[in-house]
Amino acid sequence: MLPNKQGKFGPFGGRFVPETLMPALAELEEAYRRLKRDSGFRRELAWYLREYAGRPTPLYPARRLSEALGGHLRIYLKREDLLHTGAHKINNTLGQVLLARRMGKRRIIAETGAGQHGVATATAAALLGLECVVYMGAKDTVRQAMNVFRMELLGAKVIPVESGTQTLKDAINEAIRDWVTNVETTFYVIGSVVGPHPYPMIVRDFQSVIGREARRQILKLEGRLPDMVIACVGGGSNAMGIFYPFVRDQVVKLVGVEAAGQGLESDRHSATLTVGEPGVLHGMMTYLLQDRVGQIKGAHSIAPGLDYPGVGPEHAFLKECGRAEYVAVDDEEALSAFRLLSETEGIIPALESAHAVAYLVKIADRLPRDTIVVVNLSGRGDKDVAAVRDYLSGKTA
Amino acid sequence: MTGAEKVRQAIEEANRKARAALIPYLCAWDPDLETTRALLWALAEAGASVVELGFPFSDPLADGPTIQAATQRALRHQPSLEDFLEFVAGLYAEDYPLPIVVMGYYNPFFRFGLKRFAREAREAGLCGAIIPDLPLEEARPWLREARRRGLASVMLVAPTTPAERLERIAQVSTGFLYYVSVTGITGARDRLPEDLALRLDLCREVSPVPVAVGFGIARPEQVKMLAPHAEAIVVGSALVKIVEAEGSRAPEKVKRFVKDLVSAAERS
């Protein structure tokens, strides 16, 4: 079972944090391992996922998309976009905020890039009556002003982060600084399968409800496992969530799609696994976008949720051992897929999820007849509509 | 003499003169390398014992706003560890008298290669390293290379560190052991924890190497209060603030301030 006791997935993962946090991470790991086996906790989480968030989500046969791609594929969409708050993020925040409450922590902090994880955390904190502070890069607070307002409506305090590149990676730094300072009273809800151990494991476990459902659903619908599962990868939580229950099914090809942004040669992308190199950031050893001397580079994607210069350590491991394949599609390809899915299925996907669809579009011709493909539709595109309109009308997104 | 021994001896020499050793922190390249050089000489003239010289990193997650800003100023010069070691070697070629330890986040060292870094650091005369995001469990590869080259591998302990863990960390720390005074990030503070002196005394009981206290210490009164309870005292953000305000004129002011801190470190 991975990670091992040191929180390592092969050489990746671990705990590269200031000493102050080490006891807190040990406490969190201990509490999590205990609650994971606690039937009361499991029932409570399952209840909220079902009655509040809207699980299980459908595994929807996308017939018109299949037709548009040549009619020879059996394409299914895992509809995480139908969840409360519009994306898979709520699976994790409900789990972690329930965990925080069980651990007696009254104050919740989180980082957010585009705002989706911030909104999902603020939602769970409001639901359970806990104080919530969200760190968000100052640039992102401007680009995603509606999500700032949404979090405030939910009772959270949003703190703009002015340091560094003023985006997600700096928001994570600032959340860690807050946690170092207030570690006795505060629970840090990390939004992806990143950070120091045990976070990559905890977030994976909470998100793997996606893959467990999808596996059960496809077996019922098709009577066999899919040939391929495709998901977009920023930090990689939706991908890890859908991959994990299929990892031992060697016949299922797992494909993670990163953002090639304006092109892999442009330096304006987020394709960490595709072109990055191993290093240490945010408490973990993983693939990073970095320069020659080890300074972390800025990331770019039209999809704000993919805009991160690191990636979950378990993805780094799945890449190294060859169990999953990681590819990249650029902004234009993602936008075409965004429109294609809207027009063929009446589903406006999040720009992040559109990357997964785009990769399928790209390889569809090469896939044999009756290939069963499951695409994780991790979120809905309502949040992106304005940005896409601006982009298509010639302004920069 | 190895780097670790030089650091330890410099601290013990101050202790023999009945004062806590003063360890100033500065960020290299803030605002430029010439100023850093002048500042380092000012520190030596002011009576500091050891220098903690920061290598800037894009994501300094243990640092408060003052050192974050210094890091940003320094990064504009796009420094590399090669440049850093060359700079240190240059200082020692001019007989710079104080032992220097680098304070930096792990990724640049990892990327440079730990083995290569330890070898070249020793050649340059650098005495050791403090890596705040490399806790005991992850430190083994670095500890091995540091030991091999006689470099000080300064480990940190915090108020949240349990007693049994503190002992294990103290056993592998060389040069000195760095006690983080507060649960928090670097930066000047008006108040330090009430039980700090007591905690330091407990820490010194189990540590085979000298104990330095740092984070939040900014004023002579604080240094005076802590001097009987620690072998060494680290002052960082307060100096960096002077550099921020004065730029290339900072060395003279820094020298006066550090002189005050050094006299405050006398154990009367």
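Predicted model: local features only at pLDDT ≥ 70, side-chain atom pairs only at ≥ 80, totals over all residues.
## Helix α1 of chain B

Let's start with α1(B), which runs over residues 3-16. The helix has 14 residues and spans 20 Å from its first C-alpha to its last, close to the 20 Å expected at 1.5 Å a residue. Its buried residues are Gly3(B), Ala4(B), Val7(B), Ala10(B), Ile11(B), Ala14(B) and Asn15(B). Because they cover an arc of only 140° around the axis, they sit on the same side of α1(B).

So much for the list; what covers the buried residues of α1(B)? The cover includes four strands of chain B: β1 (21-27), β3 (100-103), β5 (152-157) and β8 (232-235). Just after the helix, Ala18(B) takes a positive phi of about 60°.

## Where chain B meets chain A

Now for the partner chain. On each side, 37 residues take part in the contact between chain B and chain A. About 2,900 Å² is buried between the two chains, with carbon and sulfur atoms giving 52% of that area. In chain B, the residues that lose the most area to chain A are Leu61(B), Arg111(B) and Glu138(B), which together make up 24% of what that side buries.

## Polar links across the interface

Five salt bridges are found across the interface. One pairs the side chains of Lys169(A) and Asp59(B), at 2.9 Å from N to O. Between the chains, 18 residue pairs are in polar contact.

On the side of chain B that touches chain A, α3 (65-75), α5 (106-112), β5 and α8 (163-172) each supply at least two residues. The most come from α5(B), with five residues.

Technical notes. Residues numbered from 1 in each chain as written. Chains lettered and ligands numbered in written order. Heavy atoms only, no water. Expected span 1.5 Å × (residues − 1). Buried < 20%, exposed > 50% of the residue type's maximum accessible area, 1.4 Å probe, protein only. Arc of directions from axis to C-beta. Contact = heavy atoms within 4.5 Å. Buried area = accessible area lost by both parts, 1.4 Å probe. Salt bridge = Lys/Arg side-chain N within 4 Å of Asp/Glu carboxyl O. Polar contact = N/O pair within 3.5 Å; in protein donor to acceptor, adjacent residues only side chain to side chain.
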